[in-house]
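Here is a short report on one protein model. Keep the sequence and the coordinates in view while reading.

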Amino acid sequence: MTNSIETHSFLEASDGLAELFGLFSSVIFGFIQLELRININGVRKRYEARKDKSGTLEALVASEFQEGSSRHATTCLVRLTRGLSLTCKALQQMRSDRSSQPRVCFRRSYDEVLRPHHSFFIRSIVSVAIRAAPYRRDFFERLAEGASMEKLDKELAKWLAGLDVIVRRITEFLEKGGYGRV
C-alpha cells in the first residue's frame, strides 16, 4: 500500500503527543493524555504480539479482522484517531483565530469529533474539564518551552500539516474498509 503508515513510527509519534499534554496541569489535558495513552497501548499490544502482521497500521487492522480476533487494537486505533483529530482541529483553530482561547477551540473540536460518541454523563464531565483549560498565553508559553513564539508558530504549522494528513489517511482507511467510524 503506497500511503501506508508504519506502525512503530506512528506509536512513537503518538507517545510524543501524549507527553506534550503533560506540560499542562489542566484537567482537560490530563483527560486527553489518559485517553491517548490507553489507546496507544491497545495498538502497541497488538503490534508487539504480531509484528509480522502489523508493520503498518493498515496491515495490523486487516490482519486483526482476518483472524476474527477481538479487534481490540482496531477499536483503540479508531479512538486514538479521534483523539488525534480533536487535538489537530483544536490547535488548527487556535492558529487560525489568534484571539480564541484554548477552551473555546477544544470545545468546538470536542463537539465535532467526540461528542457524538459519548454518553450524556461523559459529555458533562468533559464540559467541566474544558473550562479548566489554560489561557491562550499560558498555553503557548508552555508549548514553546522557552522558544520564541515565531519559531513555535512556524514549527506548529508544519507539525499540524503532517498530523492532519495522517489523521485523514487513517480515517479514510478505517471508514472505507468498514473497520470503524472516526
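## Serine 100 and its surroundings

Serine 100 touches Cys105, Arg108 and Arg136, leaving out residues up to four places away in sequence. Contact here means heavy atoms within 4.5 Å. Serine 100 sits in the loop between α4 and α5 (102–113). Helices (H or I, at least four residues) and strands (E, at least two) are DSSP runs, numbered from the N terminus. With a relative accessible area of 5%, serine 100 is buried. Buried means under 20% relative accessible area, exposed over 50%, and partly exposed in between (1.4 Å probe, protein chains only).

The side chain of serine 100 also makes a polar contact with the side chain of aspartate 97, at 2.6 Å. A polar contact is a pair of N or O atoms within 3.5 Å; within protein, one must be able to donate a hydrogen and the other to accept it, and residues adjacent in sequence count only if both atoms are side-chain atoms.

## Basis of the model

This is a predicted model, in which local features need pLDDT of at least 70, side-chain atom pairs count only at pLDDT 80 or more, and totals for chains, interfaces and linings use all residues. Residues are numbered from 1 along each chain as its sequence is written, and side-chain values use heavy atoms, with hydrogens and water left out.

## Cysteines

The structure holds zero disulfides, a disulfide being a pair of cysteine sulfur atoms within 2.5 Å. Cysteine 105 is buried, at 0% relative accessible area. Cysteine 76 is buried too, at 2% relative accessibility.

## Helix α1

Helix α1 takes in residues 7–20. Its 14 residues should span 20 Å at 1.5 Å a residue, and its end C-alpha atoms are 20 Å apart, which agrees. The expected span is 1.5 Å times one less than the number of residues.

Buried residues in α1 are Thr7, Phe10, Leu11, Ser14, Leu17 and Ala18. They cover an arc of only 120 degrees around the axis, so they lie on the same side of α1. The arc is that of the directions from the helix axis to the C-beta atoms. These buried residues pack against α2 (27–49), α3 (57–67), α4 (72–96) and α8 (149–176).

## Helix α7

Which residues of helix α7 (residues 136–144) are buried? They are Arg136, Phe139, Phe140, Leu143 and Ala144. Seen down the axis, they fall within an arc of 125 degrees, so they line one face of α7. Their cover includes α1, α2, α4, α5 and α8. Glutamate 145 follows α7, with a positive phi near 45 degrees.

Alanine 73 belongs to helix α4 and is buried at 1% relative accessibility. Its C-alpha atom is separated by 4.6 Å from that of valine 43, 30 residues apart along the chain. Beyond neighbours within four places in sequence, alanine 73 is in contact with Gly42, Val43, Arg46, Leu60 and Glu64.

Arginine 46 is in helix α2. Its relative accessible area is 11%, so arginine 46 is buried. Not counting residues up to four places away in sequence, arginine 46 touches Ser54, Leu60, Ser63, Glu64, Glu67, Ser69 and Ala73.
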